[in-house]
Amino acid sequence: MDNILIFQRSQPNLTLLVDSLSSNFNVIEGMDEASISKDFDLCMVDTHFFNKFRSLLRLRKISEAPLYLPVILLVRGNAVPQIKPEVWQDVDDIISIPINQHELNARINVLLRARNQSREIEQLKES
């Protein structure tokens with residue numbers, strides 16, 4: 001089962017995400033910068049924590065290379081047009097809140113499939 005690390009400042013949003021994802025994934029609630037060193041396959045982060053831990057997330061992604069480590073940025077729907085292009089250097093997808101559960105699951109599955117494929121490619125290179 002894949003591990004998803006979630007940094008979410010809003011407790012109601014965190015509860016909704018944990019409840020909706022915990023049946024298919026191991027969910028890790030991110031609390032502080034030490035959480036970034038935990039074993040996870042995908043990170044979901046709101047703008048508050050993204051701004052706070054952006055450089056640490058970037059370093060974690062670099063340290064995982066050549067494995068792909070996806071990061072999803074969670075933003076309020078009205079904030080999507082205000083996202084600067086350079087944010088895409090550190091995130092792989094942006095999902096607006098309120099979250100459509102079917103869309104969220106589809107995007108998570110695509111990103112996790114890409115991570116697993118990168119893992120398979122590395123294993124083939126080693127053999």
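In this predicted model, strands β4 and β5 are paired in the parallel sense, with five bridges between them. Within this pairing, Leu74 has Ile95 of β5 as its bridge partner. On the β3 side, strand β4 (residues 71-76) runs parallel to strand β3 (residues 42-46), and four bridges join the two. Here Val45 stands opposite Leu73 of β4. In general, the strands of a sheet pair through backbone hydrogen bonds, in either a parallel or an antiparallel arrangement.

These pairings belong to an open sheet of five strands, whose order is β2-β1-β3-β4-β5 and whose pairing is parallel. The edges are formed by β2 (26-29) and β5 (93-97); each has a single partner strand, so one side of each is left without a neighbour in the sheet. On average, and with direction ignored, neighbouring strands of this sheet are turned by 25 degrees against each other.

Is Ile72 buried or exposed? Its relative accessibility is 0%, so Ile72 counts as buried, the cut-off for that class being under 20%. Setting aside neighbours within four places in sequence, the contacts of Ile72 are Leu42, Cys43, Met44, Val45, Asp93, Ile95, Ile108 and Leu111. Of the positions named there, Val45 falls within the range of β3 (residues 42-46), Ile95 within that of β5 (93-97), and Ile108 within that of helix α3 (residues 101-126). Ile72 and Ile83 are eleven residues apart along the chain, and 13 Å separates their C-alpha atoms.

The discussion now turns to helix α2. Together, β3, α2 and β4 make a right-handed β-α-β unit. Helix α2 lies across β1 (3-7), β3 and β4, and runs at about 150 degrees to β3. Arg54 is part of this helix, which comprises residues 47-64. Which residues does Arg54 contact, leaving aside its neighbours within four places in sequence? They are Phe49, Glu86, Val87 and Asp90. With Asp90, the side chain of Arg54 also forms a polar contact of 2.5 Å.

At the N-terminal end, α3 is capped by Asn100, a side-chain oxygen of which lies 2.9 Å from the backbone nitrogen of His102.

The buried residues of α3 are Leu104, Ile108, Leu111, Leu112, Arg115, Ser118 and Glu122. An α-helix has 3.6 residues a turn, so residues three or four places apart point the same way. Against which elements do the buried residues of α3 pack? They pack against β1, α1 (11-21), β3, α2, β4 and β5. Two of these buried residues, Ile108 and Leu111, are among the contacts of Ile72.

Ala114 also lies in helix α3. With a relative accessibility of 27%, Ala114 counts as partly exposed, a class that lies between the cut-offs of 20% and 50%. Ala114 and Asp41 are 73 residues apart in sequence, and their C-alpha atoms are 11 Å apart in space.

Terms used
Residues numbered from 1 in each chain as written. Predicted model: local features only at pLDDT ≥ 70, side-chain atom pairs only at ≥ 80, totals over all residues. Heavy atoms only, no water. Polar contact = N/O pair within 3.5 Å; in protein donor to acceptor, adjacent residues only side chain to side chain. Contact = heavy atoms within 4.5 Å. Pairing = 2+ DSSP bridges. Axes fitted to C-alpha atoms, helices over the stretch in contact; angles between N-to-C directions. Buried < 20%, exposed > 50% of the residue type's maximum accessible area, 1.4 Å probe, protein only. Expected span 1.5 Å × (residues − 1). Right-handed = clockwise from strand over helix to strand, strands pointing away.
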